Amino acid sequence: MPVFAYNAKNSSGQMITGQREAVSAGSVAAELSSSGMVPLKIELQADPQTTGMKKQVLLFRPKVTTNELIVFSHQMASLTKAGISIVRAVRTLSESSKNEYFAKVLDDVAAHLETGVDIASSMDKHPDVFNELYVSLVHVGENTGQLEETFRQIASYIAMEHETRKSIKAATRYPMFVMIAIAVAIIVLNIFVIPAFSGVFAKYGAELPWQTRAIVGVSDLFVTYWPVGLFLIFVSVLSFRRWLRTDAGRIQWDYYKMKFPVVGSVFERVYLARFCHSFAIISRAGVPLNQGLAIVSRAIGNEYMAQKVMGMRSAIERGENITQTARSADMFSPIVLQMMAVGEETGTIDELLDQAASFYEEEVSYELKNLTDAIEPILITAIAGLVLVMALGVFLPLWDLSSVAR
């Protein structure tokens, strides 16, 4: 079973450090909370049985695609329903997998199963393939005898996530292509076209309008200082990536993403739909509320919202109900808060959270369909501005030069 190192505070505020064996970090958090401690940091320690495979992951970066994981989950559900043993099912899927790395991962999972380790712990040894939400749901399904249904729920959840990502990529492909084309056009004009025209202007010695002088000045900067520009871009990208590796940087960037013009609201609704879906699955599986929120916070994919969810978890541990904590988090619309309140009172919070997720997904689908229409005027304005600058800065002096030549 994996070993986790933790930092926590006890009831008197003293810092406690130690290690525990558990299925996942969420299980460690739940154990610490039940002991009266507040977990601050939980990290997975190196597992000697899988060190070799982890080195391979770091060195070659093999990948298991989302489609492969969806198919695997569906196949596990079918094989489990047919009464085939877990070990045999995993071995069979390992032999039929066309992805060599995924086949090795499944072989390792089967090898651990044969030594008596449960399937959740075996999967948890490969967090690059099976995330914490996946492992936690499998753990609950195994303990409740509902492994088949658990795999079906996981497959449906991953499929929905995959479709959302595909929709976002499809909606942003056209704007990104146009922006890249504009950037390339500006670079080509400043490095190749404008210098040729500036030579003609200098030959005739005609007085140039201020628009042309500005364009020629920018072109001279491009031609003369392009190494400095490349260096500044490289340093900026490197600094930005280092900033993102910090906790504060990730939280601030994830917050800014939701405030971007036009697309920020799409990102926010995607994260909220992900929260509602994953929390509904966790609730339906019977995971304790505080442990479930800890798992969900790491499944959202946004550090700023994860911090909000962990704040909800702390409030629940203080005795507040889920609706109060959700309202205090200031993340959800009034309709969703009302659905949470009704679900909490009737004991059907998982069903109503699924409805809330569907509500957010419909909004995301609607906004993605209109995203191109919303961005098109901005792109047209940018292209028109580029053409206007070229017309004023290049063609007007050429017309003047024709009269000078005569």
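## Nonpolar cores

The largest nonpolar core has 67 residues, and the members that touch the most others are M123, F130, Y134, F275 and F332. A nonpolar core is a set of buried Ala, Val, Leu, Ile, Met, Phe, Trp, Tyr and Cys residues joined through side-chain atoms within 4.5 Å. Buried means under 20% relative accessible area, exposed over 50%, and partly exposed in between (1.4 Å probe, protein chains only). Helix α11 (residues 264-285) gives the most to this core, with 9 residues. A second, separate core of 12 residues includes V266, V270, L371 and L379.

F130 touches L69, F72, F102, V105, L106, V109, M123 and V135, when residues up to four places away in sequence are not counted. Contact here means heavy atoms within 4.5 Å.

## Model and overall make-up

This is a predicted model, in which local features need pLDDT of at least 70 and side-chain atom pairs count only at pLDDT 80 or more, while totals for chains, interfaces and linings use all residues. Residues are numbered from 1 along each chain as its sequence is written, and side-chain values use heavy atoms, with hydrogens and water left out.

The protein has 16 helices and 3 strands. Helices (H or I, at least four residues) and strands (E, at least two) are DSSP runs, numbered from the N terminus. Of the 406 residues in the protein, 39% are buried. Among contacts between residues at least 6 apart in sequence, 62% join residues at least 24 apart.

## The largest cavity

The count comes to 1 cavity of 30 Å³ or more, and the largest cavity has a volume of about 40 Å³. A cavity is a set of points, on a 1 Å grid over the protein atoms alone, where a 1.4 Å probe fits but cannot get out; lining residues have an atom within 4 Å of a point. Grid points are joined across faces, edges and corners, and the volume is the space filled by probe spheres set on the points.

The lining of the largest cavity consists of I168, T172, V263, V266, F267, L368 and L371. Helices α8 (147-204), α11 and α16 (349-405) each supply at least two residues of this lining. By class, the lining divides into 6 nonpolar, 1 polar and no charged residues. Ala, Val, Leu, Ile, Met, Phe, Trp, Tyr, Cys and Pro count as nonpolar, Asp, Glu, Lys and Arg as charged, and the others, Gly among them, as polar. V266 and L371 line this cavity and also belong to the second core.

## Packing of α7 and α12

Helix α7 (residues 132-144) packs with helix α12 (residues 289-299) at an angle of about 145°, and their axes are 9 Å apart. The axes are lines fitted to C-alpha atoms over the stretch in contact, and angles run from 0 to 180 degrees between N-to-C directions. On α7 the contact is made by E132, L133 and S136, and on α12 by I295, R298 and A299. These residues divide into 3 nonpolar, 1 polar and 2 charged.

## Helix α5 and V87

E114 lies in helix α5 (residues 100-114). Leaving aside neighbours within four places in sequence, E114 is in contact with V87 and R91. E114 and V87 are 27 residues apart in sequence and 6.9 Å apart in space, C-alpha to C-alpha.

A111 is also in helix α5 and is partly exposed, with a relative accessible area of 32%.

## Backbone at D330

Most residues other than glycine have a negative phi. D330 is not a glycine, yet has a positive phi of about 60°. D330 lies in the loop between α14 (322-329) and α15 (334-346) and is exposed, with a relative accessible area of 67%.

Key
1 Å grid on protein atoms, 1.4 Å probe; cavity = no way out; pocket = protein on both sides within 12 Å on 5 of 7 lines; lining within 4 Å.
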